[in-house]
Amino acid sequence: AQSVTQPDIHITVSEGASLELRCNYSYGATPYLFWYVQSPGQGLQLLLKYFSGDTLVQGIKGFEAEFKRSQSSFNLRKPSVHWSDAAEYFCAVGVLGAAGNKLTFGGGTRVLVKP
Amino acid sequence: DGGITQSPKYLFRKEGQNVTLSCEQNLNHDAMYWYRQDPGQGLRLIYYSQIVNDFQKGDIAEGYSVSREKKESFPLTVTSAQKNPTAFYLCASTPRRGGRYNEQFFGPGTRLTVL
């Protein structure tokens, strides 16, 4: 079965600094990979996704992620963080099976932004 | 605007009572999902449905029930058999297109508190 690990539960970053969130997955085939963001008390918004092709994918809000098959990783990055980026971020791996699409989520990383 | 609505946003119930959470989508999506979110545990799949009148158990289905009588609606009932029902519940949907994987779109969530 697939699994997703986000090693960092909390990250604090200064406004304007760079941000990198780590994600490692376990899955036997080429995965479908996602990053979602959640503001407090809200639903999840898709930041970006990787299905195939170029391993560096661009998303909304200035985020990007790089798929590294050799490391089973899909880390999320942003060059310069804004205060509005404070939220919880979830990495997920998708599996297309006989019963349809399924998503497995990591435990999430909460990002705090210092002024 | 197309989207997913969940109601109510906040729900309070006494222990031992069944409660039903609403999820409606007007995206014409075939598949719908229910997730439970607890702090530090990411999202866990409760039930999912690929087509009307059909649904499957997810990873934590015990104490929950669902129905899928209409394409746009997928209500979740939290029964008295669920030992720890207090959580944030998220509904999601996705189209089914020719066997391709498609990302899931999420509703705003319902916070259930059992007193």
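Predicted model: local features only at pLDDT ≥ 70, side-chain atom pairs only at ≥ 80, totals over all residues.
Buried area is the accessible area, taken with a 1.4 Å probe, that two parts lose on being put together, summed over both.

**Stop 1: the interface.** Display chain A and chain B together. Between them, the two chains bury about 1,900 Å², and 55% of this is on carbon and sulfur atoms. In chain A, select Asn101(A), Lys102(A) and Phe105(A): these residues lose the most area to chain B, and together they account for 27% of what that side buries. The contact draws on 24 residues from chain A and 24 residues from chain B.

**Stop 2: charged and polar links.** Next, select Lys49(A) and Glu103(B). These residues form a salt bridge, in which the closest N and O atoms are 2.9 Å apart. The count between chain A and chain B is one salt bridge, and there are four residue pairs in polar contact, with both residues at pLDDT 80 or more.

Now colour the elements of chain A that give two or more residues to the side touching chain B: strand 5 (32-38), strand 6 (44-50), strand 10 (87-97) and strand 11 (100-105). The residues of that side divide into 12 nonpolar, nine polar and three charged.

**Stop 3: ring pairs in chain B.** Over all chains, the count comes to 17 aromatic pairs. One of them joins Tyr47(B) and Phe55(B), whose ring centres are 5.9 Å apart; the planes meet at 80°, which is over 60, so the pair is edge-to-face. Tyr47(B) is buried, at 8% relative accessibility, whereas Phe55(B) is partly exposed, at 36%.

Move on to Tyr64(B) and Tyr89(B). Their ring centres are 5.9 Å apart and their planes stand at 65°, so this pair is edge-to-face. Tyr64(B) belongs to strand 7 (residues 64-66) and Tyr89(B) to strand 9 (residues 87-94) of chain B, so the pair ties together parts that are 25 residues apart in sequence. Tyr64(B) is buried, with a relative accessible area of 5%, and Tyr89(B) is buried, with 0%.

**Stop 4: a buried serine.** Finally, return to chain A and select Ser73(A), in strand 9 (residues 73-78). Ser73(A) has a relative accessible area of 4%, so it counts as buried. Leaving aside neighbours within four places in sequence, Ser73(A) is in contact with Cys23(A), Asn24(A), Tyr25(A), Glu66(A), Phe67(A) and Lys68(A).

Key. Residues numbered from 1 in each chain as written. Chains lettered and ligands numbered in written order. Heavy atoms only, no water. Contact = heavy atoms within 4.5 Å. Salt bridge = Lys/Arg side-chain N within 4 Å of Asp/Glu carboxyl O. Polar contact = N/O pair within 3.5 Å; in protein donor to acceptor, adjacent residues only side chain to side chain. Helix = DSSP H or I, 4+ residues; strand = E, 2+ residues; numbered from the N terminus. Nonpolar A, V, L, I, M, F, W, Y, C, P; charged D, E, K, R; others polar. Buried < 20%, exposed > 50% of the residue type's maximum accessible area, 1.4 Å probe, protein only. Phe/Tyr/Trp six-rings, centres within 6.5 Å; stacked < 30°, edge-to-face > 60°.
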